[in-house]
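This report covers a ligand site and the pockets and cavities of one structure. Sequence and coordinates come first, followed by the computed description.

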Amino acid sequence: MVNVTDAARAILARNDRGGYTVPTDGLYPFQWNWDSAFVSMGFATFDIDRAYQELERFIQGQWNNGMFPHIIFHVPSDSYFPGPDVWQTEQCHSKKPMTSGITQPPVFGIALRFLYEAVLVTGRHDMLERTHTLFNAALRSHRWWLKARDPDKRGLVAILHPWESGSDNSPAWDEALARVPTTTKTEICRQDTKHVNATMRPRNIDYQRFTHLVEVYRECQWDPIKQWSHAPFKIADVQMTAILARATADLIWMASQLNLSDALEELFTMHQLLINGLNSRWNQHIRGFVSLDLISGKDIEKPTQTCFIPLIALELDSYQRKSIQEEIERWCQGMVIGIPTTAPFSPDFESKRYWRGPVWAVINWLIADGLRKNQLKELAAIIEGNTISVIERAGFCEYFDPITGEGLGGNTFSWTAAAYLVLRR
Ligand code: 2M8
C-alpha cells in the first residue's frame, strides 16, 4: 500500500515547476498567491529550503506599491483564462514576471512564521538573511492592504473582486455580484470547463461579471485610489480581514524574534485596528461573523465558512465560543464530511458546485486552527481527523462533496497535499 504522506509529497514534487508550485497541472498552470503560502507550509514539514523557495519565487511578483498579486505568470500557458493579455499590468511591476491585477488572502505572513518555527527547530543559522527578505516583503504587503483596502480605517479590508476572496462563487457575494454588469469587451474563452465538469464550476454569467470587473480596474490602470472610487463590487470581508489580522500577529512574533523594534510598533497598531474591526462584525442571528457590503451598506447574512474564519485571529467570549461550536456541529449534521462551505440548510447550498457547499481541506485547516486557539480542541481534532480521512479515501482532490465524501474538481491538488502533510504531522 502506498504511504499517503509519500503520496502527498509526490503531488508537491509533481506540481513543482522549478522553485514554485502550480495548484494542479492543466487547470491552474501558474503560481497562485494563497495556494503557494499553504504549499510552503506543506514543504516545511520535510524540506525547509524548498519551502523558503516557494515564498521567494512568489515575492518576485510583488508590485512596486507592495501588493502581492493573486497569480504570478512565471511562464506562458494557454490552458487558463484570463491570462496576462487580459490583465495588462506590466506598468505595475517593472522587470518582474507577469502577474494578474488583483490580490488574494494574505496567508503569506502565517506561512512565514510556520517556516521560521521549522528553521528554529532545525537550529539552522544560515536562513536569517532569507527570512529578513521575506519579512520585509510581507510587511510591505500588509501596508498596502491597509492603505489600499481600508482607506476609511474601519479595521476591515475590502475585496474588489470575488476572485480576491479565494471563495470565488460563494453565495456571500451573490447579491453584490448581481449588481455588476454582464457586458464585456474581452472575449471570454473559459478553459476551466475543459478540465472540470461545468456543474462543479462557476456559471458563465459569473465569468461575465468577473471579466467585467477586471476591465473596470484595468481601465483604472490598476491605480488603487481610482479602483476604490470606481469599484462596482466592494465588500469589507471578514475572512480576508481575519487572515490579515492573524498574519499580522504572526509578523509581530517574527519581528520580536528578529529584534525589529521599529516594525513592531507599526504592526501592533495595525493588529489592534483589525481586531477591533473584526470584533464589530459578530452577528447574533448567523451566530458567526459577517462581511459588510460597502456599496449597499448591508450586512451579508449568508451562512458561509467566512463566518467562522475570524476564530484564527480573535479570542472569543464564552457565549460566542458556544454559539460557533453549536453552529459548526449543526452544519455537519448528516454530512459524510464537514465543514461545508455553505450551510446545508441554506437555499444556496449546492454540494458539488465549487465554493457553494463543497468541503475544502485548507478551509478546514484554518477553522480547526481557530478552534484550537479558542480552546475548542475536541471539535478541532474531529475536523482535522475528518479531513485526513476524506483525503485518504478520495485522494488529493480540489474539494469534496460533504454529502457523499466524493472528491471533486481538479485532482492531484497541491494545497490539499499540503493540508494533509500539516494536519497529519
Ligand atoms: C480558484 O480560483 C481561480 C481564480 O483565482 C479560478 O477558479 O480560476 C479558487 O479556488 C482559489 O481560491 C484558488 O486560489 C485558485 C487556485 O487553486 O482556484
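## Largest pocket

The lining of the largest pocket consists of nine nonpolar, no polar and eight charged residues. In this classification Ala, Val, Leu, Ile, Met, Phe, Trp, Tyr, Cys and Pro count as nonpolar, Asp, Glu, Lys and Arg as charged, and the others, Gly among them, as polar. The model is predicted: local features need pLDDT of at least 70 and side-chain atom pairs count only at pLDDT 80 or more, while totals for chains, interfaces and linings use all residues. Residues are numbered from 1 along each chain as its sequence is written, and side-chain values use heavy atoms, with hydrogens and water left out.

The volume of the largest pocket is about 420 Å³. Its lining has 17 residues, and those closest to the pocket centre are Phe-114, Arg-246, Trp-365, Asp-369 and Arg-425. At least two lining residues come from each of helix H2 (33-44), helix H5 (108-122), helix H12 (238-257), helix H15 (361-373) and helix H17 (414-424). Helices (H or I, at least four residues) and strands (E, at least two) are DSSP runs, numbered from the N terminus.

Pockets and cavities are found on a 1 Å grid over the protein atoms alone. A cavity is a set of points where a 1.4 Å probe fits but cannot get out; a pocket is an open set with protein on both sides within 12 Å along at least five of seven lines; lining residues have an atom within 4 Å of a point. Grid points are joined across faces, edges and corners, and a volume is the space filled by probe spheres set on the points.

## Second largest pocket

The second largest pocket has about 180 Å³ of volume. Its lining is made of Asn-65, Arg-143, Trp-144, Lys-147, Ala-148, Pro-151, Pro-224, Ile-225 and Trp-228. Helix H6 (128-149) and helix H11 (224-230) are the elements that give two or more residues to this lining, and H6 gives the most, with four. By class there are six nonpolar, one polar and two charged residues.

## Cavities

Three cavities of 30 Å³ or more are present. The largest cavity has a volume of about 200 Å³, and of its 19 lining residues Tyr-28, Trp-32, Gln-104, Asp-168 and Tyr-354 are the closest to its centre. This lining holds twelve nonpolar, three polar and four charged residues.

The second largest cavity contains about 60 Å³ of space. Trp-63, Asn-65, Met-67, Gly-101, Trp-144, Arg-149, Leu-160, Trp-222, Pro-224 and Gln-227 form its lining, to which H6 and H11 each supply at least two residues. Six of the lining residues are nonpolar, three polar and one charged.

## Ligand site

The ligand sits in the largest cavity, meaning that more than half of its atoms lie within 2 Å of the grid points. It is surrounded by 18 residues, the closest being Asp-35, Tyr-80, Gly-166, Asp-168 and Tyr-354; a residue is near if one of its heavy atoms lies within 4 Å. This shell has twelve nonpolar, three polar and three charged residues.

Polar contacts are pairs of N or O atoms within 3.5 Å; within protein, one must be able to donate a hydrogen and the other to accept it, and residues adjacent in sequence count only if both atoms are side-chain atoms. An oxygen atom of the ligand lies 2.6 Å from a polar side-chain atom of Asp-35, and a ligand oxygen atom is 2.6 Å from a polar backbone atom of Gly-166. For Trp-32, an N or O atom in the side chain is 3.0 Å from an oxygen atom of the ligand. The protein covers 100% of the 410 Å² of accessible area that the ligand has on its own. Accessible areas come from the Shrake-Rupley method with a 1.4 Å probe; for residues, only the protein chains shown count as cover.
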